[in-house]
Amino acid sequence: MRIYTYLAFVCLLLLSSCAKQNDSGSKEDQFVNDLMAKMTLQEKIGQMNQRTSQWEMTGPAPDKENTQNLQEEIKNGRVGSMLNVKGAKATYEAQKLAVENSRLGIPMLFAYDVIHGYKTMFPIPLAEASSWDTDMLKLSAQVAAKEASASGLHWVFAPMMDVGRDARWGRVMEGCGEDPYLASIFSVARVRGFQGADLSKDYTVAACAKHFAAYAFSESGRDYNTVDIGTYTLHNIVLPPFKAVAESGVATFMNSFNLINGSPASTNAYLQRDLLKGDWGFDGFVVSDWGSIEEVAYHGGAKDLKQAGELCINAGSDMDMENDAYLPYLEELVNEGKVAESLIDDAVRRILKIKYKLGLFDDPYRYSNIEREKELVYNKENRAAAREVAKRSMVLLKNENQLLPISKNVKSLAVIGPLADSKDIPLGSWRAQAITNSAVSLLEGITNALPKTKINYAKGCDLTIGERNFRVELTYGKNNQSGFSKAIKAAKQSEVVVLAIGEDCFQTGEGRSQTDIRLKGDQMALFNAVYKVNKNIVVVLMNGRPVAIPELAEKAPAILETWFAGSEAGNAIADVLFGDYNPSGKLTMSFPRNVGQCPIYYNHMSTGRSLSSGNVFWSHYTDSPNTPLYPFGYGLSYTKFKYSTPILNKTSIGKAESIELSVNVSNAGNLEGEEVIQVYIQDPAAKYVRPVKELKAYKKVKLAVGEQQTVKFELSKKDLGYYSPDGEFLLESGTFHIFVGTDSQNVQKVSFTVKD
Ligand code: NOJ
């Protein structure tokens with residue numbers, strides 16, 4: 001009897017929770033349907049229109065005439081969303097225009113590029129990815145969401161999940177690197193950080209998966225250039241991260257500027273309607289990129305703006321970002337029968353639902369709270385989080401004779417280089433509301449950490465000269481070695497030299513591609529001049545892409561990759577230099593030896609001629625090895641890790657079974673440390689040829705001195721299979737190899753069979 005009462009109780013609970021879900025779903029639907037029933041077609045189209053504010057522009061400047069009437073347009077309910085309005089006060093005022101004047105008082109959505117922090121800058125995304133630590137990625141997004149949402153923003157244009165293989169492309173700094181598996185799990189972590197579990201809660205913002213799709217494959221790494229990849233690469237490399245975030249509930253998607261298979265991505269119905277909104281069940285909305293509708297005509301894919309708008313709405317682009325294509329033409333297109341009104345309804349329903357989820361219909365001003373903004377933005381706690389993430393994002397590339405960590409008892413230390421005292425470059429190029437020159441410089445960080453040491457500082461040379469900001473082209477300092485003598489003197493007078501060189505942050509980011517990824521200007525000459533007088537050089541690299549540094553790699557005894565580490569850069573770098581934190585980062589993009597190797601990536605295919613033939617007729621360069629300078633997954637620690645021989649629990653499995661791999665890893669050095677144990681697979685004989693290696697799992701473990709741990713990994717169909725060029729998921733029988741190790745090259749191999 002008791003069991004029946006219990007079962008009845010459980011049923012009741014289940015029923016009431018289902019009822020709640022249905023109820024909340026239907027409330028949202030009902031609200032949106034009721035509202036839409038009151039809207040005119042023009043008002044609906046207004047919701048699909050996004051305009052930039054004039055305070056800041058993150059794309060080509062809009063035509064003046066178009067912007068003059070912006071306030072009137074808002075008052076007339078013809079602007080559903082704005083980008084680049086930020087701050088509690090400004091967003092409050094802009095919102096008031098819409099809510100108090102437009103006929104239906106529908107609140108606007110405020111969006112902004114919050115790529116690695118709002119005012120507290122975190123490391124650039126490529127750096128954060130190097131932590132291989134989803135908690136860190138989530139934390140960074142959470143803090144950014146807290147600051148952005150307190151400043152009136154509802155929606156961030158992040159995360160970017162374009163898998164980037166070409167270091168020339170300036171936007172690799174915004175992504176997770178060259179691997180689709182990492183881009184998937186890291187982007188999901190970021191989405192969770194931004195959105196939390198419930199968008200209606202404080203401190204959360206809607207995220208945006210971008211750029212859909214294949215934007216990073218621009219030919220020769222030049223931004224906005226043509227993309228021409230096959231559907232095999234599309235399904236296996238480009239799309240998996242997008243699918244992962246769609247399934248994890250990301251609120252919005254942004255399409256991309258590039259061509260796919262001969263048509264602009266914003267006109268691609270297969271991607272936006274069939275896959276995203278169809279197969280993947282995405283119920284949010286798609287925003288165009290800035291101008292990606294207008295540019296359809298410039299690509300030659302439409303005869304004019306009106307036709308571009310027609311193609312884009314039909315293909316599933318719901319919101320028009322700064323193209324001025326939907327507002328003037330959509331009604332006409334509906335009347336001409338070229339666009340079904342149901343598509344407009346679908347787009348508007350999606351947009352209104354996100355507004356509903358964000359709680360804007362309960363209180364349109366709830367994000368614009370001046371008190372909360374003062375309390376939450378750029379506070380101590382956020383900066384502490386930024387320091388934590390930054391130190392975990394650094395990658396130790398070289399450490400001969402254990403030059404690092406430097407003892408805190410060092411008597412004299414030279415701090416040299418054009419980036420050593422920069423309070424600006426560590427902020428990165430997508431810096432949102434960061435205050436110019438607000439980062440802790442390396443020199444400051446070192447001085448904070450070593451109050452008793454004699455610090456000999458010398459800039460040595462300039463990296464850039466003249467104006468530098470995120471819209472202008474940079475001019476690099478060249479052949480001016482007048483600062484070298486001071487640098488040489490500082491090096492001579494010091495036990496150890498810390499040399500900070502690399503890139504200006506504005507060498508990377510949107511619109512900043514490069515054909516030469518060596519260090520610019522006089523930086524290598526400075527290194528050589530200093531190296532001549534003091535060999536104890538620790539090179540601190542700051543850069544936003546893999547750089548070509550073969551000479552440094554050969555000569556410098558220690559190299560620490562610190563990327564653009566954000567507001568707390570100097571303190572975080574000092575944490576690593578002086579051993580308060582043992583570096584644990586691993587590269588998520590291969591470092592080429594020279595630009596000619598680009599694009600270079602670990603998960604490439606085997607060629608028909610991959611092995612040296614003893615003559616020239618094999619796939620190689622005659623002036624450079626094929627291998628990268630530093631491979632994917634690479635990064636050293638101050639301690640040493642030992643791997644046992646990996647063991648599989650079976651020699652063969654059926655297609656529905658899984659296989660378990662175990663490996664014992666021990667800390668054989670003298671310091672506590674963290675290791676990223678990486679698991680790659682290869683399907684060496686497949687219907688469609690598979691890459692030589694694919695990352696399928698990893699674990700980051702912390703081990704005390706002498707500690708060991710047996711780490712287990714389970715691989716199943718989802719890890720062993722792949723997509724055909726038509727997008728069909730296949731798992732074939734046959735031999736599989738598993739590689740486990742500390743990076744993509746340093747691995748041990750075991751094999752097993754998948755049976756039919
Ligand atoms: C263009 C960029 O491609 C995109 O990533 C960004 O979000 C928009 N501009 C808005 O600034």
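## Ala265 and its surroundings

Leaving out residues up to four places away in sequence, Ala265 touches Phe212, Ala213, Ser256, Asn258, Leu259, Ile260 and Gln272; contact here means heavy atoms within 4.5 Å. Ala265 is located in the loop between β8 (263-264) and α10 (269-279). Helices (H or I, at least four residues) and strands (E, at least two) are DSSP runs, numbered from the N terminus. With a relative accessible area of 0%, Ala265 is buried. Buried means under 20% relative accessible area, exposed over 50%, and partly exposed in between (1.4 Å probe, protein chains only). Between the C-alpha atoms of Ala265 and Leu560, which are 295 residues apart along the chain, the separation is 39 Å.

## Basis and confidence of the model

This is a predicted model, in which local features need pLDDT of at least 70 and side-chain atom pairs count only at pLDDT 80 or more, while totals for chains, interfaces and linings use all residues. Residues are numbered from 1 along each chain as its sequence is written, and side-chain values use heavy atoms, with hydrogens and water left out.

The predictor's confidence in each residue is its pLDDT, from 0 to 100. The chain has a mean pLDDT of 95, and 95% of its residues reach 70 or more. Over residues 1-23, however, pLDDT stays under 50, and the model has zero contacts beyond four places in sequence for them. Where pLDDT is low, the predicted coordinates should not be read in detail.

## Helix α16

Helix α16 consists of 14 residues (380-393) and, at 1.5 Å a residue, should span 20 Å; its end C-alpha atoms are 20 Å apart, which agrees. The expected span of a helix is 1.5 Å times one less than its number of residues. The buried residues of α16 are Asn382, Arg383, Ala385, Ala386, Val389, Ala390, Lys391, Arg392 and Ser393. Their cover includes the helices α6 (125-129), α7 (134-150), α15 (370-376) and α21 (569-577), together with the strands β11 (395-399) and β23 (673-682).

Ser393, a residue of α16, is buried at 1% relative accessibility. Apart from residues up to four places away in sequence, Ser393 touches Pro123, Ala127, Glu128, Ser130, Ser131 and Trp563.

Beyond its neighbours within four places in sequence, Asn571 is in contact with Arg387, Val440, Gly445 and Asn448. The side chains of Asn571 and Glu568 are joined by a polar contact of 2.8 Å. A polar contact is a pair of N or O atoms within 3.5 Å; within protein, one must be able to donate a hydrogen and the other to accept it, and residues adjacent in sequence count only if both atoms are side-chain atoms.

Leu234 lies in helix α9 and is buried, with a relative accessible area of 5%. Not counting residues up to four places away in sequence, Leu234 touches Ala214, Ile229, Leu239, Pro240 and Leu271. The C-alpha atoms of Leu234 and Asp166 are separated by 16 Å, and these two residues are 68 residues apart along the chain.

## Aromatic rings

Rings of Phe, Tyr and Trp (its six-membered ring) pair if their centres lie within 6.5 Å; planes under 30 degrees apart count as stacked, over 60 as edge-to-face and the rest as tilted. By this rule there are 28 aromatic pairs. One of them is the edge-to-face pair of Phe186 and Tyr698, with 6.5 Å centre to centre and 80° between the planes. This pair links distant parts of the chain, 512 residues apart: Phe186 is in helix α8 (residues 180-195) and Tyr698 in strand β24 (residues 694-703). Phe186 is buried at 0% relative accessibility, and Tyr698 is buried at 14%.

Tyr224 and Phe257 also form an edge-to-face pair, because their ring centres are 5.4 Å apart and their planes stand at 85°. Tyr224 lies in the loop between β5 (208-212) and α9 (231-247) and Phe257 in the loop between β6 (252-255) and β7 (259-260), so the pair ties together parts 33 residues apart in sequence. Tyr224 is partly exposed at 41% relative accessible area, whereas Phe257 is buried at 6% relative accessibility.

## Charges over rings

A charge sits over a ring if NZ of Lys or CZ of Arg is within 6 Å of the ring centre and within 35 degrees of the ring normal. The charged end of Arg165 sits over the ring of Tyr601, 3.6 Å from its centre. Lys693 lies over the face of Phe739, 5.2 Å from the ring centre.
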